[in-house]
Amino acid sequence: MSVAARVASDDQPAATPARTRVRPAWRWHALVIAVALGLAFWVTQGLWAQPYDHTLAHNSGDQAFFEWVLGYGVHLLGHGGDPFFTTLMNSPLGVNLAANTSITAYALLFAPVTKLAGPQISFVTILTLNLAGSAVAWYFFLLRHLVRRPLAAAVGGLFCGFAPGFVAHANGHLNFTAGWIGPVVLWQVLRLRQPGHWLRNGAVLGVLLAVCFTIAAEALFFTALATAVFVVSWSLARVNRAEVKAAAPTVLRALAVTAVVAGGLLAYPIYMHFAGPQSFARTGFNQRHYVEDVISYLSYSDRSLAGWAGLSSSWLAPNPTEETSFLGLPMVVLAVCSLVVLWRRADAGRQATLRALAVVAAVFVVLSWGPRLHLMGAETPIMLPYAALAHLPLFNAALPVRFALVVSCVVGIVLALAVDRPGAEPAPVRISYVAAFVVALVPLFPLPVLTMSRAPEPAFIADGRWRAYVPAGGGMSALPFATNVTPDAQRWQAYTLARGGSQFRMPDGYFLGPGGRDGGGRLGAPWRRTDWLFFRAAVYGYVTAIDDADRAAARSDFAYWGIDAVFLPDQITGQNGILFRAAVETTATDLLGPPQRDGGVLVWQVQPPVGGG
């Protein structure tokens with residue numbers, strides 16, 4: 001736990017006059033912040049160009065979900081409610097938001113922006129600040145605790161913030177792009193050993209953990225696990241045992257305070273997550289599919305300069321959002337060689353730190369491989385440790401592929417330490433080392449995430465005309481119903497939530513809920529007959545010959561959902577572009593009769609209108 005003191009004492013000179021440090025340090029701080037913001041805007045430029053009309057090309061469903069959560073934040077502040085459960089979506093059963101990536105803290109913090117500018121602006125703002133903030137947080141952490149030179153901290157921090165895995169998660173994940181959680185939590189953990197401040201430091205860490213849990217619980221789990229592996233490995237070194245023994249009482253008291261504070265603040269959300277309504281035991285994703293291939297660490301991602309040059313091996317990833325390693329062979333070689341060189345020149349204390357970093361990297365590489373080894377895109381029969389862990393709490397809700405994000409952070413730390421080492425080598429050696437950094441880093445330079453056009457918001461939603469068709473507390477949905485690949489219906493409700501006023505309930509939606517295989521989770525609600533009619537029409541253009549049995553099933557489904565009206569805009573956005581609107585209109589007309597046009601949409605009144613909403 002006192003690795004900060006150990007490394008700082010190894011690296012820092014005995015005294016540095018403030019007059020010679022302050023001004024250059026602030027220049028470096030400003031430069032790193034500017035570069036981080038510039039890179040973040042570069043990566044997200046497609047969304048900033050047209051935030052209301054563009055969506056992420058590889059993950060429009062997740063963007064719609066997070067926009068919905070941001071809109072729900074405005075609704076919570078204006079009307080009250082449960083931050084961790086709602087029946088506005090997936091009517092009548094509701095959605096357990098504590099068991100989803102509901103970014104509650106962000107939703108409440110950015111509610112003013114969402115109210116004034118819309119969830120679209122809040123989404124891209126948070127995404128941009130996440131990327132930039134992660135790089136800046138790592139920069140300050142490294143400079144404070146591990147390295148002496150600002151350049152070293154800048155190299156490590158910018159790599160951690162914009163490593164290929166985090167750029168991949170910029171395809172829609174406001175939780176996993178919050179890479180600042182790692183260095184901020186680690187910073188506070190290192191403060192636990194301060195004598196005389198165990199109560200304050202423990203309480204601050206408890207509050208911090210509670211906030212981070214509501215933003216990225218899975219990332220917080222990875223941070224806690226990596227910290228535990230590092231601390232255990234570092235503490236076992238003989239050179240550190242006396243220091244560990246001296247600091248243990250203070251640290252243990254602080255951790256007890258942390259447990260009390262975090263436990264009190266998180267008691268309800270943790271209860272909801274594990275035992276609340278619509279909770280589930282395991283993730284809704286296949287843990288044998290969402291894994292790292294052995295050679296993916298040696299390959300390049302699609303959204304990198306190497307990928308632009310045709311060197312991408314993105315087919316090794318489960319999907320474009322989960323290209324979480326893809327460091328490239330030169331970077332892996334550079335990191336390993338740097339670790340070896342640093343080890344050979346280190347004293348016993350520094351070697352303990354380097355050993356602990358290597359152990360963390362090795363553990364998380366193996367965990368990222370999942371239950372069975374994957375090689376060249378094929379699953380082998382070789383069982384791995386994750387097969388035994390997959391049934392344990394927390395591990396059963398995590399995706400193995402994402403453990404690789406910790407490996408990227410370890411690589412960033414090693415790069416910072418390598419840049420920070422004294423430059424006593426001959427000029428040819430220094431030039432070779434700089435060349436190695438260039439060869440390893442330049443191919444990883446991030447490219448902007450891909451975007452595509454999406455259906456514009458109809459006046460029926462924007463002007464509130466829908467209220468004439470839905471009574472207070474009633475239900476409504478766009479067609480087709482909301483799923484991860486047909487997200488528009490969820491978007492329209494998100495925008496009404498952000499504007500305030502009365503709300504309608506919506507069936508289905510893109511979320512994680514119960515009903516999966518063997519009692520685990522699944523994406524969305526179990527489908528009913530009418531779901532399939534409209535989904536096939538929208539996604540495949542398939543028009544079903546409607547009969548009385550279909551109409552009777554639809555009446556039953558509409559009654560179950562509590563739907564008063566459905567509507568169809570002039571365009572429907574799918575996962576990969578515009579969907580088959582004409583097939584949906586034909587299906588709805590055969591099922592419900594002729595529609596009426598209002599506010600740029602076709603409306604079918606399922607129940608007779610009973611006043612306005």
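Buried means under 20% relative accessible area, exposed means over 50%, and partly exposed lies in between, using a 1.4 Å probe and protein chains only. This is a predicted model, in which local features need pLDDT of at least 70, side-chain atom pairs count only at pLDDT 80 or more, and totals for chains, interfaces and linings use all residues. Residues are numbered from 1 along each chain as its sequence is written, and side-chain values use heavy atoms, without hydrogens and water.

**Backbone with positive phi**
- Leu394 is not a glycine, yet its phi is positive, near 75°.
- At 42% relative accessibility, Leu394 is partly exposed.
- Leu394 sits in the loop between α16 (386-389) and α17 (404-420); helices (H or I, at least four residues) and strands (E, at least two) are DSSP runs, numbered from the N terminus.
- Met376, also not a glycine, has a positive phi near 55°.
- Met376 is exposed, with a relative accessible area of 51%.
- The loop between β4 (372-375) and β5 (378-383) holds Met376.

**Cis peptide bonds**
- Ser91 and Pro92 are joined by a cis peptide bond, with omega near 5°.
- Pro92 belongs to the loop between β2 (85-86) and β3 (95-96).
- The bond from Leu479 to Pro480 is also cis, with omega about -5°.
- Pro480 lies in the loop between β7 (475-478) and α20 (488-499).

**An enclosed helix**
- Helix α10 (residues 181-190) is largely enclosed by the rest of the structure, because seven of its ten residues are buried.
- Among these buried residues are Ile181, Pro183, Val185 and Leu190.
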